[in-house]
Amino acid sequence: VLGGYSQGATVAGFSVADKIDVPAQYQRYQDQVPPPLSPAISDKVAAIVLFAPPSANWLASAGAPSMVIGKAYRAKTIRYCIAGDTVCNGAPAQSPNGLHVLYSVNGDTLNAAGKVARRVGLVVGRRLGRGCLLLGKRLRIGRLLRRRCLGVGLRLAIDEPLLARLL
């Protein structure tokens with residue numbers, strides 16, 4: 001799972017781009033731009049969560065490369081932008097307004113945790129057979145290993161005999 005908030009969302013977005021087009025005025029730095037992740041490993045990425053990713057207009061007006069999520073990762077990407085957040089709502093580059101810091105209190109982080117849990121569960125379920133990650137539910141598959149994680153009440157349920165075979 002990849003994710004980021006604001007500038008970190010941009011870094012996460014660049015990491016899964018098909019390519020990064022460095023603006024002409026910064027071409028001398030092109031060789032210092034790390035390559036994005038290969039589409040060949042996209043099956044190992046369950047989700048990409050971007051909180052308040054700077055909009056294309058914001059990035060362009062700041063002279064930054066555009067952030068275009070690569071084709072192999074688009075369906076796995078979840079974006080959150082609070083209406084009126086001037087970093088991600090399409091406004092030109094400027095200082096963030098007060099809405100830009102509300103993602104942890106408006107429910108978006110919990111919503112994202114639930115979506116990621118379901119996506120990770122699908123990936124784990126596909127790779128481990130009966131193992132899975134569920135949000136707020138108990139799953140009974142043989143003997144279960146349950147553990148609290150992420151501080152939001154997620155329950156990890158893994159079929160212990162299967163886990164033993166994997167380890």
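1. In this predicted model, a disulfide joins Cys81 to Cys88, with the two sulfur atoms 2.1 Å apart. As a reminder, a disulfide is a covalent bond between the sulfur atoms of two cysteines. The count of disulfides comes to one. The torsion about the S-S bond of Cys81 and Cys88 is about 90°, so this disulfide is right-handed.

2. Turning to the aromatic rings, the count comes to three aromatic pairs. One of them brings together Tyr5 and Tyr103, whose ring centres are 6.1 Å apart and whose planes stand at 65°, so the pair is edge-to-face. This pair links distant parts of the chain, since Tyr5 belongs to strand S1 (residues 2-5) while Tyr103 sits in the loop between strand S3 (77-80) and H3, 98 residues apart. Tyr5 is partly exposed at 37% relative accessibility, but Tyr103 is buried at 3%.

3. Phe51 and Tyr80 form a stacked aromatic pair, with 5.2 Å from centre to centre and 20° between the planes. Here too distant parts of the chain are linked, with Phe51 in strand S2 (residues 48-51) and Tyr80 in strand S3, 29 residues apart. Phe51 is buried at 13% relative accessibility, and Tyr80 is buried at 7%. Ring pairs link Tyr5, Phe51, Tyr80 and Tyr103 into a cluster.

4. Finally, Ala117 lies in helix H3 (residues 108-128) and, at 2% relative accessibility, counts as buried. Ala117 and Ala47 are 70 residues apart in sequence, and their C-alpha atoms are 9.4 Å apart in space.

Key. Residues are numbered from 1 along each chain as its sequence is written. This is a predicted model: local features need pLDDT of at least 70, side-chain atom pairs count only at pLDDT 80 or more; totals for chains, interfaces and linings use all residues. Side-chain values use heavy atoms; hydrogens and water are left out. Helices (H or I, at least four residues) and strands (E, at least two) are DSSP runs, numbered from the N terminus. Buried means under 20% relative accessible area, exposed over 50%, partly exposed in between (1.4 Å probe, protein chains only). A disulfide is a pair of cysteine sulfur atoms within 2.5 Å. Rings of Phe, Tyr and Trp (its six-membered ring) pair if their centres lie within 6.5 Å; planes under 30 degrees apart count as stacked, over 60 as edge-to-face and the rest as tilted.
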